[in-house]
Amino acid sequence: MFANPNKTKLVPIPSKSLVPERDVNLRPILECINLGISFGGLKAVDNFDLTIGRTEIAGLIGPNGAGKTTVFNLLTKVYQPTKGTILLDGMDTINMDTAHVNRAGIARTFQNIRLFQDVTVEDNVKIAMDSQMKYSMFSGIFRLPGYWKEEKMARERALELLSIFHMEDLAGVKAGSLPYGAQRRLEIVRALATNPSLLLLDEPAAGMNPSETAELMENIRKIRDTFQIAILLIEHDMNLVMNICEGICVLNFGRVIAKGTPDDIQANPAVIEAYLGKKKEA
């Protein structure tokens with residue numbers, strides 16, 4: 001059993017979903033309703049329902065191949081759902097592509113790090129701010145005052161975000177030269193640079209040692225508290241999941257088999273069976 005020192009009470013909202021008590025009077029940041037996708041007749045995700053409170057730290061777990069990353073790809077419109085609805089802050093994302101979803105408020109990291117390896121740490125973060133820059137093409141080409149003003153603001157913002165992980169001193173270093181754990185942290189910072197209302201973290205602790213993982217947990221809480229955003233993470237490190245997540249959704253073979261608090265999930269027979277296998281009769 002994993003003890004969670006920061007237990008949060010989950011309470012029902014009108015849709016009969018559960019969200020943290022502090023979010024009960026706020027519109028959920030994400031609602032997935034009967035979501036599904038099929039590939040060549042195979043239902044990779046089917047009847048997926050999930051509601052995330054406005055400042056909730058939520059977990060999406062399940063055995064390998066359960067469909068977790070497919071869900072992330074549906075939320076970010078890498079894949080278009082075969083059926084169902086995704087509401088982001090009450091807005092249907094049906095006609096959105098990946099870029100539109102990002103501008104609407106969803107940012108993500110990936111299992112396999114996707115940084116610009118030959119670009120500096122600072123520029124990796126500033127690239128994510130591109131849609132927020134307000135200078136004209138003319139101003140950019142001729143380096144007019146409006147361009148320099150926006151560049152100065154972008155640099156200050158990038159350094160501020162990097163300071164979350166104490167990485168501001170690495171601003172001028174090429175991203176590809178960073179240690180693996182630092183590259184993971186940079187990818188989170190770059191996602192934050194898009195000003196999301198929902199941050200999707202795909203195995204953020206992968207490759208990290210125990211001390212880095214403990215620091216990551218504190219930083220995830222810090223990000224939620226500082227930016228007042230929701231975070232949904234896929235993670236195989238159960239100690240991290242059970243200690244940081246308020247609500248957890250468990251997938252197996254593309255279907256939800258359990259939802260609830262960490263205590264609920266740890267005691268759920270279907271979850272235990274999915275991870276450990278069914279006991280054979282004596």
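Predicted model: local features only at pLDDT ≥ 70, side-chain atom pairs only at ≥ 80, totals over all residues.
**Exercise 1.** Find the order of the strands in the open sheet of 4 strands, and explain why one side of E4 and of E7 is left without a neighbour.

*Solution.* Step 1: Read across the sheet, and you meet the order E4-E3-E6-E7, with antiparallel pairing. Step 2: Look at the edges, where you find strand E4 (42–52) and strand E7 (91–92). Each has a single partner strand, so one side of each has no neighbour in the sheet.

**Exercise 2.** Describe how E3 pairs with E6, and say which helix lies across E3, E4 and E6.

*Solution.* Step 1: Locate E3 at residues 30–39 and E6 at residues 83–88; 5 bridges pair them in the antiparallel sense. Step 2: Pick out Ile33, which stands opposite Thr85 in E6. Step 3: Now find helix H1, residues 68–75, which lies across E3, E4 and E6 and runs at about 110° to E3.

**Exercise 3.** Work out how many residues of strand E11 are buried, and which strands bridges join to E11.

*Solution.* Step 1: Go through residues 247–252, and you will find 6 of 6 buried. Buried here means under 20% relative accessible area. Step 2: Check both faces: Gly247, Cys249 and Leu251 are buried on one side, and Ile248, Val250 and Asn252 on the other. Step 3: Follow the bridges to strand E5 (residues 57–61), which is joined to E11 by 4 bridges and runs parallel to E11; Leu60 stands opposite Cys249. Step 4: Turn to strand E12 (residues 255–260), joined to E11 by 5 bridges in an antiparallel arrangement. Here Ile248 has Gly260 as its bridge partner.

How values were computed: Residues numbered from 1 in each chain as written. Heavy atoms only, no water. Pairing = 2+ DSSP bridges. Helix = DSSP H or I, 4+ residues; strand = E, 2+ residues; numbered from the N terminus. Contact = heavy atoms within 4.5 Å. Axes fitted to C-alpha atoms, helices over the stretch in contact; angles between N-to-C directions. Buried < 20%, exposed > 50% of the residue type's maximum accessible area, 1.4 Å probe, protein only.
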